[in-house]
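Please consult the sequence and the model while reading.

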Amino acid sequence: MGTIVNLYSTKKGELNRFLSSFFNTEMEIYNKLSWQKSYNNPIEVTDLIGVYVDNYDNYSINLWICLDNNVYINVSEKNADALIRYIYERYPS
């Protein structure tokens, strides 16, 4: 099982704006209110967490990650740094 990232929004187009900016390419998720991606390398998720927290006030979205089967963690400004440290400690490169 890979690490799963889920993004949610109640505002149409918000996920498209965030992901297009993050991936630096135009995404095609205009009318979707959720987005999910699985990563084989959990370390890759830390970039998304960092960008999410740095832009927390600019987007109306929620970020959840799943490191263990059916255990989801809501990423917030308060837990992002500790979560990134935990991922690097748990999955050393």
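Predicted model: local features only at pLDDT ≥ 70, side-chain atom pairs only at ≥ 80, totals over all residues.

Residues are numbered from 1 along each chain as its sequence is written, and side-chain values use heavy atoms, with hydrogens and water left out.

Reader: Which residues of helix H3 are buried?
Author: Helices (H or I, at least four residues) and strands (E, at least two) are DSSP runs, numbered from the N terminus. Buried means under 20% relative accessible area, exposed over 50%, and partly exposed in between, with a 1.4 Å probe and protein chains only. In H3, which spans residues 80–90, the buried residues are Ala80, Leu83, Ile84 and Ile87.

Reader: Which exposed residues does the face of H3 turned away from its buried side carry?
Author: An α-helix has 3.6 residues a turn, so residues three or four places apart point the same way. The face of H3 turned away from the buried side carries Asp81, Arg85 and Glu89.

Reader: In what sense do S3 and S4 pair?
Author: Two strands pair if DSSP finds at least two bridges between them. S3 and S4 form a hairpin with two residues between them, and Cys66 stands opposite Tyr72 in S4. Over five bridges, their pairing is antiparallel.

Reader: Is Ile65 buried or exposed?
Author: Ile65 lies in strand S3. Because its relative accessibility is 0%, Ile65 counts as buried.
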